[in-house]
Amino acid sequence: MSAPSRKFRFVSTDRRVREDRRFVVGKGRFAADIALAATKHVALVTCDHPAARILRIDKTEALALTGVHYVLDGRELAGATSPLLAGLDTPNVPRRPLAVDVARYSGEWVAAVVADTRAIAEDAAELVHVDYEPLPFVLDGEEAYAPGSPLVHEAHGSNVLLDRTFVWGEVERDFAASPHRLAFKVKWGRSSTVPVETFGVVASWDPWREMLDVYASIQMPRFPDQVALALKLPGSAVRVHNDVDVGGSYGVKRGIKHTVLAGHLARRLGFPVRLIEDRLENMRGGDAHGPERNFDIEVAFDDLGVIRSMKMRALDNVGAYAGRSPFQLGKPVSAIVGPYCIKSVQYQAIAVVSNKTTQEAVRAFGQGPTNYAIERTLEEVAWHRGLDRLEVRRRNLIRAEQFPYLIPSGTTYDSGDYHAVIDKVLARADYSALVAERDRLRGQGLLAGIGIAACLEPSGANSTFEPLLNPKNETTTYSEGCRITVDVSGAVTANIHTVSAGQGHETLVGTVVGEVLEIDPDRIRVVRPDSLSSLPSQSPVGSRMAIMLGGAAFHAAQKLKARLIAIAAHDLKIPPERAVYENGDVFDRSAPQTRRSWIELVTIAHRYFHRLPPDTEPGLAFSHIIQVPMGGTLPTPDGRVQIYPCFAFEFHLVLISIDPDLGKPEIRRWLVGHDCGTVINPKIVRGMTMGGIAHGIGAALYEEFAYNGEGQLVAQSFMDYLLPSAHEVPEVEIVHHETPSPHTVFGQKGSGESGYLGAPAAIASAVNDAIRPLGIVVSSLPIKIAQLGDMIADARERIANSE
Amino acid sequence: MKPAAFDYARPSSLDEACALLAQSEDARIIAGGQTLVPLMAMRLARPKHLIDIARIGDLAFIRKEGEAQGSVVMIGAATRQCVVERDPTVRAELPLLAKVTPFVGHAPTRARGTIGGSLANADPAAEIALVAVTLGATLHWREGTSTAEVPAADFFIGPMTTILPPTACLTAVRFPIWEARIGVGFHEVNARKSDFAFASAAAQVALDENGLCRRIALGIGAVTPVPLRLDAVARSLVGTRAEEGDVRDAVRAALADVEILTDLHASTAYRRRVAVTLAVRALADARAAAQREPHAR
Amino acid sequence: MRVELTVNGAIHAVDVEPRLSLLDCLRDKLLLTGAHAGCEHGVCGACTVLIDGTPVRSCLMFAVQADGYAITTIEGLSPGPGELSLIQDAFCETHGMQCGYCTPAMILTAHALLAGNPTPTRAEIVEAISGNICRCTGYAQIVEAIALAAERMRGLNQPAIAPVSRP
C-alpha cells in the first residue's frame, strides 16, 4: 500500500531524534550498565592453536582461587544444551559456545570461569591448564575448498558448507554471441563493522517463576527463541529485555553463544551471570568477523561496453563454524546484477570453513563485497574497450522507464531513476572541474584518480534467503509488529518489540504514528516491552525497519484512526462517509461544528460502553503485524526469488590523490547521490549514509583481520585493527533524490546500509583510475599503503627499464 | 582486560622511588601509563609493584642550562608530553622536538604521557626517541644512589629494549642547543594520523651566511630496530646545499646494508625506499626553514 | 587502598584494589556509567573523562592515581535534572550520535575544546576528536554539533562554560 503523493506534515521534516536526549547525558542503558544484585562475572579461557584436540582441562588451580565460583567446560555445556542453530543444512558442523573435544580456531572459547569480579575471573582463567594436541589446520579459503586439505570438521567430510551454481537466463548463448569477454579476480578481505561496544549479556534465572531474564547488546532475529531452544527451555521461559541500548551493531551482535553460555551458568549456579567481552575476546573469539570473499568473474559484452552476461563465482571463507554468515552468499541474489541491465547470470556460491574465527552477518549481508565485484566488472569492461567509465555505466544502467524491473534471478526492482541521480551528482560536483582538478594534481607529480560507484541497497529483507540456500527450511515470513494504545487520559503509547542500536526507531514510530493521527509526534510515547509481551519482530536487520516497523506502525495507527471515526460517526448519528478526522478530532463534513474531540472519543471508548457502536471492543488498543511486501513465495527450483521488496540507490563520486613515493592515498573530495525513496527522518538517514561511508573507508583502506602463517590473528586489538578516526573520514556532500517505492506506506525504502554499499567500490575505482597509467591495478581490499607503494615502485622501475 | 594484581606506591621523592625500586624484585615505574597500562591490561606486563613517579616535582621540569656554545635544555623525565608541546623554551631552543611532539599519540595521551615514559618504552617508531637520537641527546638515570648518563644512540639497543637497568629510573633528558640559523623538518608515514609510523625522518640544519649547511643532524625512525642517526650522511653534506639528489644517494647508500624491519604493515623494501624519500623531504624542509631564519638570535 | 576522588565537584572516598582502573571505579563504585569501556587499551576514547578540564583516557589510569584532580564526567555537565547543556543540546540538534556509546566522550572532549578555543576551525574540531572513535556516524554530524555549539556560545552574553575548579 502506498501513500498518495502529498506533502507530509511530520515525515521528511527535520525533526530531532528523541533517543539522543538520553545519550547526551550519559543515561543510555547499555548491557554493562545493567546491575543486578549478586551478579558474578565471566572470563573466557581461549585456545591459542588454530586447530587442536582438547586432551585435558585442569581446573584445580583456578577453582582454588578466592572468589572463583565455577569453571565450565565444553563437555558439560554440550550435555546440558542443544547446538546453536545453523542456517545451512549442515548437521555435522555443530556449533556450541565452548569447544567440545576439538578447538578449531585460535581464540576459540574452551572454558568459562565465573568469579566475583571480572579481574578475578581473568586471574583464574590464566590458571586453567589445558592440554592440547595440535592438529593440521587450513586458513586459506581456496585451499580449504580443494580436496585433500585438512578437515575443519571431520564428520562433515569436506570443508564445503555450500556449493551451488545458479544459472538464470541463456548464459552460454549470450557469452557465445558476445564479441568480447574478460575474466579476472577480485578479493574482499576479512574485516568487520566492529562496534565500539563489545557484546555483553546479563542472564538471570528465577527458579520459582522458571524464567530466564536476559539483558543483551543484541541485534538478532529469533534471539529469544534460539536461546530457549539451545537451553532446552520453553519459549515462554526466556524473557529478553528490549529496553537495552545497543552500542552499535551493524549486523554483528549475534551473541547467541554468549547468551547460551551465560544462561546455562545462571541456571546452574543460581545467581545472575554477566559476560561482557573484553576487546581481546571480542576480536578473536566473539565470532563477529565479516565476509572474506574471492570473486572470479567472467563477463561478456559488446563493442559499446554493454554487458550481455556475467558469470560470478563467489567463495567465502566463513571461519571455523557457521551460523548465519553463509547466507551472505544468498542475499546478493537480490541484486546480483546491481543497477544494470544484465540479461543472464551464472552465480556460483561457495561457503567453506577454515581454522579462522567464525563470521557473522555484517552490514548489508554480503551485498557490499558483491557491489565491489560488480563495479570492478564495469571498470574492467570500460578499460578494455577504452571507453569512459561513466559512459559505460550509463549504457548499462536500468532506465527510469523500465521500472518495475525484473532481473534474471527473479527479483523485481521496485523503482529508481539512476540516471537522474548521477546527473544530479555530476552537476553538483561540476564534473569537468573535478576532472580538471584530477589532472592538475597529476601535473603536480601526484597520482590522482576519480572513483565512481553505482550501487544498490536492497531493503526490507524477507527470510527467503534461507530456503534459497537450504531448501529444507521453508520460511517465507519476516514480520514486524507494532501495537498502539490510547489510555483513558488520552495519551498515546506505541510499542516496538525489539532492541535498537542507534537507528532511531522510537523517533521513526513517533513520526509515523503522529503523521497518521495528525498529532505531534513528540507527544507519542514509544516503549519496548520485553519479548514475552511482544508481538513478532525480526530485529533491525536487512535494512528493514523503515519499511517494516514503519509499515506496522502506520497500519496500527490507521486502525486506531478508523475506530475513532467509527465511534464519532455513531455518536454523532451521521453516516461514516460524512465523518472527517482532523488533528485527533472528528467532525461532520456538512456541519463542522458538530464534532467530537479526541478526549471525548477516548472517554467513550474507555468508559461509555452505551455510546459505542454495536460489536465494538471497549478501550483503544490496536496491533498490526506486517509481512514483507512482495513476500510469501518460496524460491523456484532454479533459485529465482524475491527476497527484498525495495531497492535504494547510491552513486559515489570520489577524488583521490596518491603520493607516489609513499603509496598513501588521500581523499580530496567525496560526493554521494542517495535515493532511498521517501525519507522519514533526514537526520537519521544522513547519519546512516555518513556512517556507512566511514565503514566503507575502513574496509577499503584500513581494516583487516589479518592472520599469519601460524594461524594467529595478527590484528588482535585496536593497535593493529585500524578504525577510521575523524581524520580519515572526509567531508561528504550528499545529493538527495527521491524515487518513492510503490510498496511501502510512505514510499520509504531502507537506508541502514547506505554508504557502506558503495564506498569501498568507489575508493577502489579512484585508486585504480590513479594507478592505471602505470599499468597496474588493485584487485583486493583493503588497499594497504605499503603494498600500494611497493606496486607503484615496481611499476615505475619497469617503465624506467623499458625506456 | 584487567591487569594482574599489584601493589602501588607513590613515593614523594626521587630518593624514595629509587629505594623502592632497589628493594623490589619485580617493580616497574609508572609515570603517564599510556604505554604501560595497555601492556598491563593485556597482561603482557605484570609487575608486582608499581611505583608512581608522576608527581615527583623534581622530575618534571624544563630548563635551559649553560651559556652560549654549551647550552642545553634539560627536561625532567616525568614532564608531560603536552607540557613539552606547549613550552616556550622548547619552542625557542628545541624546534625539532616542538615540531615532532604533536605527532606523538593523541592529545588525551599526551595529557598524561611523559617524555621519559616514551623513551623508556623504546618503540622503534617513537617520535621522541627519534628526536633524541637525531639531536644527540643524553639520557640521565638514577639507580639506587648512583647516577648515570648515556647518549641516546647508545640507550636504545633493540625494539622495546634499552640499556636502562630494571631498578633504574630515568630522571632527565639533556638536549644540545644549536646556534642560529637553524631549521627543522619531520616527516612520517603511517596508516592513520598518530598511528605508529612505518617510516619517519627528522632533520635539523644550521646554515651559514652563504646558505650552505654548516651543521646537519639527520635521523631515521621506525625502519630499523632502533632510531638511526645518519652521521656519515650528515658529514658528507656539510658545506654543501644538501641538494636533493645528493641527499637521496647518500641516504640510500647509508641504508643499503642496515637491518630493516618488516611486519604486517610494511615490507623491508618499502621501509628502505620510503626512508630515503622522507629523509630527503625532512632535510629539504629543514633547509627551507633555516633559510627563512635570521642570521642571529 | 583508600583513595579520595573529586568527581563533578563531590568528594568520594572509595576502597579499591590498586589495579582498579579509574574507568571501572567511576562505573562500578560511583555508579557513574556514562563513561564506557570500548577497548581498555587506550585507543577508542569511549572512556574519556576530564582531569582538571583536560580529556584523558580513564581506562589508562588507575583509581589510586586519580586523587587530587578535579574529575569531570558526563554526569557533571547537565545544568539540572532534565536539562541539557548548550553543547549537549547542540549534539541533539545535529543528531551528532546514533548508538550513544561514544557520545559522552565526544561531548566531554568538545567541552574541553570550546573552553580553550571559542572559535575552532573544522580542522581543529577534527583534531580534537581524532582520539575518539565513532563507528556509527562517520563524524560529520559530531563535527557539526561542536561547530554549532561554538557558534551558539559566541552568541551568548555570558561566560560560556562554568570553569572546572581544582580542589
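Predicted model: local features only at pLDDT ≥ 70, side-chain atom pairs only at ≥ 80, totals over all residues.
1. On the α20(A) side, the contact is made by A:Ile785, A:Ala786, A:Gly789, A:Asp790 and A:Ala793. On the α12(B) side, the contributing residues are B:Ala269, B:Tyr270 and B:Arg273.

2. Helix α10 (residues 367-385) and helix α19 (residues 759-771), both of chain A, have axes that come within 9 Å and cross at roughly 30°. Because angles under 35 degrees count as roughly parallel, α10(A) is roughly parallel to α19(A). The crossing of α10(A) and α19(A) is right-handed. Helix α10(A) contributes A:Asn371, A:Tyr372, A:Glu375, A:Arg376 and A:Glu379, which meet A:Ala761, A:Ala764, A:Ser765 and A:Asn768 of α19(A).

3. With 14 residues and 1.5 Å a residue, α3(C) should span 20 Å, and the C-alpha atoms at its ends are 20 Å apart, which agrees. Of the 14 residues of α3(C), 12 are buried, so the helix is largely enclosed by the rest of the structure. The buried residues include C:Thr103, C:Pro104, C:Met106, C:Ile107, C:His111 and C:Leu114.

4. Chain B contains an open sheet of three strands in the order β1-β3-β2, with parallel pairing. Its edge strands are β1 (7-9) and β2 (27-30) of chain B, each of which pairs on one side only. From one strand to the next, the twist averages 25°. Helix α1 (residues 14-23) of chain B packs on this sheet and touches β1, β2 and β3 of chain B. The direction of α1 makes about 165° with that of β3(B). Strand β1(B) runs parallel to strand β3 (residues 49-52) of chain B, and three bridges join the two. Within this pair, B:Tyr8 stands opposite B:Leu50 of β3(B).

5. In chain A, strand β2 (residues 52-58) has antiparallel pairings with two other strands. With strand β4 (residues 102-103) of chain A, β2(A) pairs over two bridges, and A:Ala52 stands opposite A:Ala103 in β4(A). With strand β6 (residues 129-134) of chain A, β2(A) is joined by six bridges, and A:Ile57 stands opposite A:Val130 in β6(A). Strands of a sheet pair through backbone hydrogen bonds, in either the parallel or the antiparallel sense.

6. A:Ala648 is placed in strand β26 (residues 646-659) of chain A. The threshold for burial is a relative accessible area under 20%, so A:Ala648, at 1% relative accessibility, counts as buried. Leaving aside neighbours within four places in sequence, A:Ala648 is in contact with A:Cys455, A:Leu456, A:Glu457, A:Asp675, A:Cys676, A:Lys749 and A:Gly750. By C-alpha to C-alpha distance, A:Ala648 and A:Ala621 are 34 Å apart in space, and they are 27 residues apart in sequence.

Conventions:
Residues numbered from 1 in each chain as written. Chains lettered and ligands numbered in written order. Heavy atoms only, no water. Pairing = 2+ DSSP bridges. Helix = DSSP H or I, 4+ residues; strand = E, 2+ residues; numbered from the N terminus. Expected span 1.5 Å × (residues − 1). Buried < 20%, exposed > 50% of the residue type's maximum accessible area, 1.4 Å probe, protein only. Axes fitted to C-alpha atoms, helices over the stretch in contact; angles between N-to-C directions. Parallel < 35°, antiparallel > 145°, perpendicular 65-115°, else oblique. Left-handed = near helix turned anticlockwise from the far one by under 90°. Contact = heavy atoms within 4.5 Å.
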